[in-house]
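Subject: Structure for your review

Dear colleague,

Please find below the structure that I am handing over to you. My notes on its charged groups and strand pairing follow it.

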Amino acid sequence: MSPGSPGTTARSGRLRRAGESAYGLLLLARTALMGAVAAVLLMAGAWASLDAMRPVTAERGGVRGTMTVEECDKGTCTGSFTPGAGSGSAPVEVALDAPVAHDAGERLAVVLWPGGDEVARTGAAGILYAWLPFAGALVLASPVIAGGLRMRRTAWAAGLLGAALLGATFALL
């Protein structure tokens, strides 16, 4: 048969279509895998943030009050706890996980959960601090969104939102 005969073009056409279909399937698989990776990163960050958010925003169960910082040492600040109006008695000495050192004598709005001596920040600073895992997940997911999903504008938005949340958190702490 000659190269221009109908039998060879049909065979090469089927082979070409099969190759194009396989390539399309690989592109679809890559997009699905990168979408799953980005979704897992964002869901893990949101899950960790929601777990940290419970003590900060819960109305019942915790004793709200004020902590007066006495000493900060290696990520933990200790000080005296004064319960808010209408609250029961609470331990006098409490500890706060703080990535930023506070000055002695500084007063912080906190919530204390019964049965422990660790407190969590409340208000805007506490809420933003609780959302730090999600902010980090946004920053980590942005290269996956840009490179794997080819969604550059969405990646820029996610990365900048995560960076803004990180910056606002440390500005308020």
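A residue is called buried under 20% relative accessible area, exposed over 50%, and partly exposed in between (1.4 Å probe, protein chains only). The model is predicted, so local features need pLDDT of at least 70 and side-chain atom pairs count only at pLDDT 80 or more, whereas totals for chains, interfaces and linings use all residues. Residues are numbered from 1 along each chain as its sequence is written, and side-chain values use heavy atoms, with hydrogens and water left out.

Salt bridges

The whole structure was searched for salt bridges (a side-chain nitrogen of Lys or Arg within 4 Å of a carboxyl oxygen of Asp or Glu), and 2 were found.

Asp51 pairs with Arg54, and their closest N and O atoms are 2.9 Å apart. Both residues belong to helix α1, 3 residues apart, about one turn of the helix. Helices (H or I, at least four residues) and strands (E, at least two) are DSSP runs, numbered from the N terminus. Asp51 is partly exposed at 47% relative accessibility, while Arg54 is exposed at 52%.

Arg16 pairs with Glu20, with 3.2 Å between the closest N and O atoms. These two also lie in helix α1 (residues 6-57), 4 residues apart, about one turn of the helix. Arg16 is exposed at 60% and Glu20 is partly exposed at 46%.

Negative patch

Glu70, Glu71, Asp73, Glu93, Asp97, Asp117 and Glu118 form a negative surface patch. Patches are made of residues with over 30% relative accessible area and no salt bridge, like charges being joined within 9 Å and nonpolar side chains (Val, Leu, Ile, Met, Phe, Trp, Tyr) within 5 Å. Accessible areas come from the Shrake-Rupley method with a 1.4 Å probe. Asp and Glu count as negative, and the charge is placed at CG of Asp or CD of Glu.

Strands β1 (63-73) and β3 (93-97) each give two or more residues to the patch; β1 gives the most, with 3. Asp97 is in strand β3 and is partly exposed, at 44%.

Strand pairing

Two strands pair if DSSP finds at least two bridges between them. Strand β3 pairs with β5 (residues 118-121) in the parallel sense over 2 bridges, and Ala95 stands opposite Glu118. Strand β4 (residues 107-112) runs antiparallel to β5, joined by 3 bridges; Leu112 has Val119 as its bridge partner. The β4 and β5 strands form a hairpin with 5 residues between them, and Gly115 in the turn has a positive phi of about 85°.

Yours sincerely
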